[in-house]
Amino acid sequence: MALEDDNRAVRDLDGHTFYLLIEDAGRELDSRILVAHCLLDRGAEVWIGQQLWFARNFAALKPGAVLFKGNNIAQVANMRAARLAGHRTASIDEEMFGLIDASGKRLHDPRAALHCDLFLAQGAMQRDVLRDGLGIAPEKIRITGNPRTDLLRTPVNAHIDAAASEIRARTGPFILINTNISGINPHDQDTYNYYRRCVALKAIDPDDPKSLESFHQLCAFETANLQAITRFIAELRILAPTRRIVIRPHPAENPNSWRNALACHPEIMVVEDKRHLAWIRAADALVHTSCTTGFEGALLGARTIGLVPDPGNPFSSRYLSNLVGEIHHDPKAAALALSEEPVKISGDLSRIAPLIHIDNAEPAARKIADALAALSASAARNQRHGHVAANFQAFSPNQRQQSQMTVSETDLRAHMNLLARAAGSHTKIIFETVNRDVFRLTAITGGTQ
């Protein structure tokens, strides 16, 4: 599954520029780095970093191909600005990753059909939603999969091992619990504030009874999951009172709620570390409540236990993680299962093949790089001009934006070097810090590491 160039012209993207925008580094950075390596190996110039800086500076940047993380109202507004500045636009919907059904379309602004030139679908299901449900022209859709799955597979996943070893050495054996209740435990105040954000993003229509009912179902779903997690912890402490438990709240949650509730339990620790894959690798087992990490853990080969306390709730059937690993409706049964031999789970992924495209012959990062290269080649050459650095506008993130996307040049170099070795890329790269969390990467002609 190496990402090295297989006998194709490695300098065919000289003069082409690509912009890889990131909202959440923990979710997106490493997968974007894989795409960046594929482009840099072919001689491209790649910019990577904080999406909001790019949103303010499209007009001052050399026209190129811009990769957005989704299709909601905020993303589409920035797509429009990019296209007006002469760029071509593409999206990969990170909100759809790990979903079974089309519920992700609630975050799809209908204007995306006008302002997005290329939709990168993670599988046949998403392609059908885009084409049949949202009216996107078939020629604007390309099934590529998501490079987040590349990070979970040999040999690329080898980069996780060093971090996992460090975590294990420091923490000792532990059970990892990944929570996913950002609706009832949001990072910003309370559920009403979360509701208002959803309305602003048009994920909820306050005038539509069905939309409001769906929001109530979400709250009920998360409440049941919270109750299941707390009961599971109580049962596990009875069965193994000295066993260490690590709780890693979803990045959109308020971790202090967990810290305050569990402060009197020294055997339970709450972590906010963005290296979620390393924590999964280091754990004896992963317990989750319909969290995407359940699917990621299964692909990593970890023992995964999914708690689904309310299978009748529509949200319980929306997550791909509930199709893999060990699934329990009763928290006590899940706790008992941890004291027994793991259930032998089939590694057959055919059941989820329509939902997430995984190609053993070619990784998603390569497919995405090829699609972006074709998009860049289709841009009108007379629109191309150089960067106008004098017109760059600085961007200073607020506290929430910092928590989502803070990457130093040192960190970026380290991540890129780790992934280059794992993926087989040997291109020597020049790094330039343009703004906080924004970097320009240039391949040295003829240079290899």
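The numbered points below go through strands, cores and cysteines in turn.

1. A word on the source before anything else: this is a predicted model, so please read each point with that in mind.

2. I would begin with strands β1 (residues 17-22) and β2, which pair in the parallel sense over six bridges. Within this pairing, Y19 stands opposite W47 in β2. Together with α1, the two strands form a β-α-β unit, and its hand is right-handed.

3. How enclosed is strand β2 (residues 45-50) by the rest of the structure? Six of its six residues are buried, so the strand is largely enclosed.

4. The largest nonpolar core has 82 residues, and the members that touch the most others are I48, L412, M416 and L441. Helix α1 (residues 25-40) gives the most to this core, contributing nine residues.

5. L412 deserves a look on your screen. Beyond its neighbours within four places in sequence, L412 is in contact with L29, I33 and I48, as well as V407, F431, F439 and L441. There is also a second, separate core, made up of 23 residues, with F54, V66, M79 and A82 among them.

6. Finally, the cysteines. With sulfur atoms required to lie within 2.5 Å, the model has zero disulfides. Buried or exposed, where do C38 and C264 fall? C38 has a relative accessible area of 3%, so it counts as buried, whereas C264, at 60%, is exposed. The cut-offs behind these words are under 20% for buried and over 50% for exposed.

Conventions:
Residues are numbered from 1 along each chain as its sequence is written. This is a predicted model: local features need pLDDT of at least 70, side-chain atom pairs count only at pLDDT 80 or more; totals for chains, interfaces and linings use all residues. Side-chain values use heavy atoms; hydrogens and water are left out. Buried means under 20% relative accessible area, exposed over 50%, partly exposed in between (1.4 Å probe, protein chains only). A nonpolar core is a set of buried Ala, Val, Leu, Ile, Met, Phe, Trp, Tyr and Cys residues joined through side-chain atoms within 4.5 Å. Helices (H or I, at least four residues) and strands (E, at least two) are DSSP runs, numbered from the N terminus. Contact means heavy atoms within 4.5 Å. Two strands pair if DSSP finds at least two bridges between them. A crossover is right-handed if, with the strands pointing away from the viewer, the path from the first strand over the helix to the second runs clockwise.
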